[in-house]
2 protein chains.
Amino acid sequence: MPVTRFLLSANDLPTTWYNVVPDLPKGLPPMLHPGTRQPVTPADLAPLFPQALIDQEFSTDRDIDIPGAVLDVYRQWRPSPLVRAHRLEQALKTPARIYFKYEGVSPAGSHKPNTAVPQAYYNKREGVAKLTTETGAGQWGSSLSLACSYFGLDCEVYMVRVSYDQKPYRRALMETFGASVTASPSTLTEAGRAALAADPDSTGSLGLAISEAVEAALASGGTAKYALGSVLNLVLMHQTVIGQEALRQLELADDYPDVVIGAAGGGSNFAGLALPFWRRQHDGSGPAVRLIAVEPASCPSLTEGTYEYDFGDTAGMTPLTKMHTLGHDFVPPSIHAGGLRYHGMAPIVSALKDTEALEARAVPQRACFSAGVQFARAEGIVPAPESTHAVRVAIDEALACRESGESKAIVFSLSGHGHFDMQAYVDYFAGRLTD
Amino acid sequence: MPVTRFLLSANDLPTTWYNVVPDLPKGLPPMLHPGTRQPVTPADLAPLFPQALIDQEFSTDRDIDIPGAVLDVYRQWRPSPLVRAHRLEQALKTPARIYFKYEGVSPAGSHKPNTAVPQAYYNKREGVAKLTTETGAGQWGSSLSLACSYFGLDCEVYMVRVSYDQKPYRRALMETFGASVTASPSTLTEAGRAALAADPDSTGSLGLAISEAVEAALASGGTAKYALGSVLNLVLMHQTVIGQEALRQLELADDYPDVVIGAAGGGSNFAGLALPFWRRQHDGSGPAVRLIAVEPASCPSLTEGTYEYDFGDTAGMTPLTKMHTLGHDFVPPSIHAGGLRYHGMAPIVSALKDTEALEARAVPQRACFSAGVQFARAEGIVPAPESTHAVRVAIDEALACRESGESKAIVFSLSGHGHFDMQAYVDYFAGRLTD
């Protein structure tokens, strides 16, 4: 069997992130202040984020240097492998060439450290002692805990109560990395106390956990700041190391994709893989590629949402951004791909969808796990529930090639492994999942 | 910070396994038949194992070719990384140079697929349709399930009842790879039915699960064979890809170890790393290296056992081998490093200990988890409970260097990650562990 893994050396790591904002055909509509509805200024964000990250969020530079200290950490697991899925191709009897970019090799098991590490670094450099954040499924909380451990920052994670109780192992992972993990709603914040007063048995929500983490940072008198793991321009930018590496690895494979696929919750994993390919077709240095963002049928912001200004959180405390949204009061059903349960979509991904630069597809949960199991049996890796969405559409595209006889190259993002999500597979095998 | 990971390309994979048997100073005492007490012949093993594996078990060739189909699977994750633990060194303020060979990159999360894959391959080649095996902690069962999935074999795993109930996620992993998992004692075998008749609430034991798996293979009329994940000569031989890769990676690092460390339950992980280094000092092509096998203080076969003939299982059904043993009726206390709870030690490791070619050290459980957490905070990887034993001694050696001012090179085996063992960390943080 020919070479399966396309590996780069640590010296081949990208040294810049790609900021797509200056290349967007219609630009990016500004964030609006939730009170004044006027465009948010950098100063408005200063209580929450360090200056370097605010600069990145508003930057119109295309290429932004990755600091050496961040590269040193990336090198612990990056460049991540690009794998030709020969065994999956054989199982599918498809003439398609299937590649996956595997982000589960990070110590936290997903792509999230790509942004957690620089966020921790810039905060540390500006003298911040502690980061606060929220986590639902736990991937982001684990990743920020890891990053804070690397840079010697304290980390305080507000974990949605229902996850806190149901996912003790995710919590243990964060504690192993040295973070303190608090069930939300908690008695540590006004937002938490108010929620508990209204309902002492509240199981929490991501929106409420965000409110608690933000309040805790604001109440610290400047020693603590807040970190967010998706949606922001800077987060999508940090994730572009994925696609930049994939481009170089495909050169090693002497191939170029016809289709690029990623799961999209907030949109950062999809964008991290897709944007560097989009850049090539945009600047004329590469051919056109179909970019497919895959979302759960139960939370279809791109395929069924409207493109309008909406709040990022449930309570309406965050800035308004123009995005594809199901409405900030939309409550997605409980599915196992917790990382995809978000009412909105990153403004950058939404803007690209608006200009028809990308396709969106919504897939039901059981079909995703079916694809995940098929993938695991062929390639040996158990995908995270979020990642099974990309696997599903990659398999569907490969099966379409079998029908048509076309030999397309399909590249998808395997954003993480499912080691901390095995309950989902238990439920799938037991026939307990619904779509 | 200088280069941290020393990576080899797929082309640098070893193409032979190293069989230490012909190099052992006093040779290896023969296995004895449990009934006749006469040396076991290859024919005695034919009902259980395919001929190619029996040949390997009795082989006196030093270098045995790795089949191309096995190399094709190894290449899915091998060569595994050798990592310079710069951050751990800094945290310890030690002049020592610490390297770890990371086997947790395999899809099953440990070194066990190194032998599961060739075992599945040789069985498939000889027309076997199904493999049976036992599993306690679950690493071996996961690895054989994976290997059977790659080669299209059925896999039947007898999982010790207490693990079956307490570790549903390990079970789900095996099922994701397509294996059938049965709680042992089961009603599928005479051994299981007898155990249940004696105690309907039996939580099982590894010895009983072995009996069930062996019986199921023997009862199959030749369509099924049995697979064992440690102790055998052939298993240790398959694991030598670890040490062979490490030797090449240390050349890239322009370094050579003073000390090589591995955790030892049955002994295959330790031997897989250590034997290729031992070979170099034995044939004069390399300097002397201290080899340290680390075992739990609660199950100290090498440090406190006697070197004598004993059974491999509790019931006395397996051949007798000369080994360091605590007695086949020794019941190790329940510790989280389930893979190290074995009353004996591989005959090869025992023979080397007998000739003082290696050191043994026993360490208590809590000190191991303390080391595991320190390692995770520095290097980002959460070690399996078994692996924390090697981490503990590596840290102790590095701290001794801080005292003495010596700058030794320390290489240890990080045999697997702890993603499926987080309950152990939960218990550690809660202060519920005993030594």
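User: How many residues of chain B are in contact with chain A, and what makes them count as contacts?

Analyst: In this predicted model, 38 residues of chain B are in contact with 38 residues of chain A. They count because heavy atoms of the two chains come within 4.5 Å. Together the chains bury about 3500 Å², of which 54% is on carbon and sulfur atoms.

User: Which polar features does the rule find across the interface of chain B and chain A?

Analyst: There are 17 residue pairs in polar contact, both residues of each pair being at pLDDT 80 or more. Helices H3 (68–74), H6 (139–151), H8 (168–176), H16 (365–379) and H18 (422–429) of chain B each supply at least two residues to the side that touches chain A. H8(B) gives the most, with six residues. That side of chain B divides into 21 nonpolar, nine polar and eight charged residues. The count of salt bridges between chain B and chain A is zero.

User: Why is Ser186(B) called buried?

Analyst: Its relative accessibility is 4%, and buried means under 20%; Ser186(B) therefore counts as buried. The residue sits in the loop between strand S8 (180–184) and helix H9 (190–198) of chain B. Leaving aside neighbours within four places in sequence, Ser186(B) is in contact with Tyr158(B), Gly192(B), Arg193(B), Leu196(B) and Glu212(B). Its side chain also reaches the backbone nitrogen of Leu188(B) at 3.0 Å.

User: Why is Ser220(A) called partly exposed?

Analyst: The value for Ser220(A) is 22% relative accessibility. Ser220(A) is placed in the loop between helix H10 (206–218) and strand S9 (224–226) of chain A. A polar atom of its side chain lies 2.9 Å from the backbone nitrogen of Ala224(A).

User: How do you know that Glu359(A) and Arg290(A) form a salt bridge, and what does the pair tie together?

Analyst: The closest N and O atoms of Glu359(A) and Arg290(A) are 2.7 Å apart, and the rule asks for a distance within 4 Å; the pair therefore forms a salt bridge. Glu359(A) lies in strand S14 (residues 359–363) and Arg290(A) in strand S11 (residues 290–296) of chain A, so the pair ties together parts that are 69 residues apart in sequence. Glu359(A) is partly exposed, at 29%, and Arg290(A) is partly exposed, at 27%.

User: In the salt bridge of Arg75(B) with Asp72(B), which residue is buried and which is partly exposed?

Analyst: Asp72(B), at 16% relative accessibility, counts as buried, because buried means under 20%. Arg75(B), at 22%, counts as partly exposed. The closest N and O atoms of this pair are 2.8 Å apart.

Note on methods: Residues numbered from 1 in each chain as written. Chains lettered and ligands numbered in written order. Predicted model: local features only at pLDDT ≥ 70, side-chain atom pairs only at ≥ 80, totals over all residues. Heavy atoms only, no water. Buried area = accessible area lost by both parts, 1.4 Å probe. Salt bridge = Lys/Arg side-chain N within 4 Å of Asp/Glu carboxyl O. Polar contact = N/O pair within 3.5 Å; in protein donor to acceptor, adjacent residues only side chain to side chain. Helix = DSSP H or I, 4+ residues; strand = E, 2+ residues; numbered from the N terminus. Nonpolar A, V, L, I, M, F, W, Y, C, P; charged D, E, K, R; others polar. Buried < 20%, exposed > 50% of the residue type's maximum accessible area, 1.4 Å probe, protein only.
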